[in-house]
Amino acid sequence: MIALTLAEAAQAVGGTLDSADPQASITGAVVTDNRQIEPGGLFVCVLGERVDGHEFAAKAVADGAVAVLATRPVGVPAILVDDVVVALGRLARAVVARSADVRIVGLTGSAGKTSTKDLIGQLLSKHGETVFPAGSHNNEIGHPLTALRIAPTTRHLVMEMGARHKGDIEYLTGITPPTVGLVLNIGTAHLGEFGSREGIAEAKGEMVEALSPEGVAVLNADDPLVRAMSSRTRARVVLFGESPDAHVRATGVRLDATGRPQFTLSTPAGSAPVQLRLYGEHHVSNALAAAAVAVELGMPVDRVAEALSEAGALSRWRMEVVDRADGLTVVNDAYNANPESVRAALRTLATMAGTGPERRRTWAVLGEMRELGEDSLDEHDTIGRLAVRLDITKLVAVGGREAARMELGARNEGSWGEESVLVSDADAAIELLRSQVRPGDVVLVKASRSVGLERVAEALLADGAAK
């Protein structure tokens with residue numbers, strides 16, 4: 001990170017020093033896990049549901065931390081504050097403010113945030129030193145921790161921003177004011193919290209409201225709720241998508257036999273061919289969004305296309321495709337799920353089946369999609385019906401009431417009979433699959449994160465050595 005003395009850090013967060021040398025400098029990483037501490041780092045004593053970080057303060061300093069950020073004296077050098085999470089955000093804001101040359105990309109959306117963040121990070125890394133988080137560290141703790149990783153040589157900072165409540169994105173953009181603000185889509189994730197897609201759009205639109213007149217709002221031309229955000233920003237608007245008036249478009253989209261998209265990237269600055277390594281047609285929209293950001297930050301179109309074609313999936317359990325030695329393919333997309341992402345995953349699975357006499361058997365192992373509010377049962381019913389329409393060989397619905405509704409939707413859509421089944425949990429799904437899958441099958445595993453369905457994918461892969 002950019003070095004600060006403890007006196008400067010205390011002033012930035014509105015704290016006081018306790019048993020600390022004001023001139024000592026924070027030169028290492030700022031962390032909330034004492035196992036990650038490095039010499040010169042700062043340990044943040046977060047009070048979690050199961051663990052109180054204050055209990056690890058002494059160990060952190062013994063391992064090299066210059067001080068800790070805490071709410072009470074802990075017997076080691078400390079910056080004392082009323083709220084360590086708020087103070088962490090203030091510290092990140094102070095460090096970012098010292099980096100006038102860094103260009104900040106903020107992105108949000110209901111689906112595809114992490115995959116798109118990874119694409120943007122990989123593209124911009126070809127264009128200058130870039131910091132972006134691993135996984136989806138997009139809340140009030142992970143966000144400032146990522147921002148604090150910037151160095152004097154950092155050129156780009158890519159920040160994924162999530163929202164569970166109105167005002168969350170406004171808070172995060174206050175820590176890292178974006179140069180470019182990207183909104184991918186408005187779906188039904190967290191519908192139970194916001195009440196409607198319009199309510200979700202109201203919250204996500206805080207991204208473009210944070211932009212200055214010199215900034216750029218990158219908006220999905222194909223999503224009416226996102227496109228309408230152009231009236232909420234002072235920044236210049238760039239549209240991406242399939243719409244004829246989109247500034248960044250894909251033409252000639254097609255999928256190869258494994259479900260990976262190919263297309264021509266078209267921009268005002270030129271066109272170039274792209275062959276993605278990611279699976280699923282939904283990644284075309286993510287790639288267009290990433291390309292629009294990179295072009296706006298000065299990256300030549302041919303280099304953008306080349307970097308997109310080289311980019312891989314960096315974050316775990318997001319359309320993670322692995323082939324066992326016996327030919328069974330496991331698609332682990334179990335990190336999270338909402339109706340939009342499940343539909344995209346099912347369409348990709350259908351493509352991976354192939355056509356003709358060589359068509360592969362496909363399994364959709366689906367768990368509950370959570371936080372959908374009063375629409376939850378209807379949304380699960382719709383997913384079950386879609387599995388039938390896409391000719392998925394077998395649906396395995398995992399869980400309770402919502403899973404039962406999904407399986408019922410499949411039965412009501414067609415005369416599936418034994419082609420759909422309801423099981424109680426991941427262990428039951430594993431037992432079923434082990435007894436019925438065979439070499440050459442393709443198995444998709446997907447559910448909301450808290451369901452923990454990734455265990456199904458891991459068990460199948462453990463049963464046979466991967467190529």
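Helices (H or I, at least four residues) and strands (E, at least two) are DSSP runs, numbered from the N terminus. The structure is a predicted model, in which local features need pLDDT of at least 70 and side-chain atom pairs count only at pLDDT 80 or more, while totals for chains, interfaces and linings use all residues. Residues are numbered from 1 along each chain as its sequence is written, and side-chain values use heavy atoms, with hydrogens and water left out.

Helix H6 spans residues 168–175, and its buried residues are Ile-169, Leu-172, Thr-173 and Ile-175. Because these residues cover an arc of only 150° around the axis, they lie on the same side of H6; the arc is that of the directions from the helix axis to the C-beta atoms. Buried means under 20% relative accessible area, with a 1.4 Å probe and protein chains only. The buried residues of H6 pack against helices H3, H5, H8 and H9 and strand E8.

Ile-169 counts as buried because its relative accessibility is 0%. Leaving aside neighbours within four places in sequence, its contacts include Thr-108, Ala-203 and Met-207, where contact means heavy atoms within 4.5 Å.

An unreviewed UniProt entry lists a "binding site" that includes Gly-109 and Ser-115; such annotations may be inferred rather than shown by experiment. Gly-109 is in the loop between E8 and helix H4 and counts as buried because its relative accessibility is 0%. Not counting residues up to four places away in sequence, Gly-109 touches Leu-184, Asn-185 and Lys-204. Ser-115 is found in helix H4 and, with the same exclusion, touches His-283, Asn-286 and Arg-318.

Definitions and conventions: Buried < 20%, exposed > 50% of the residue type's maximum accessible area, 1.4 Å probe, protein only.
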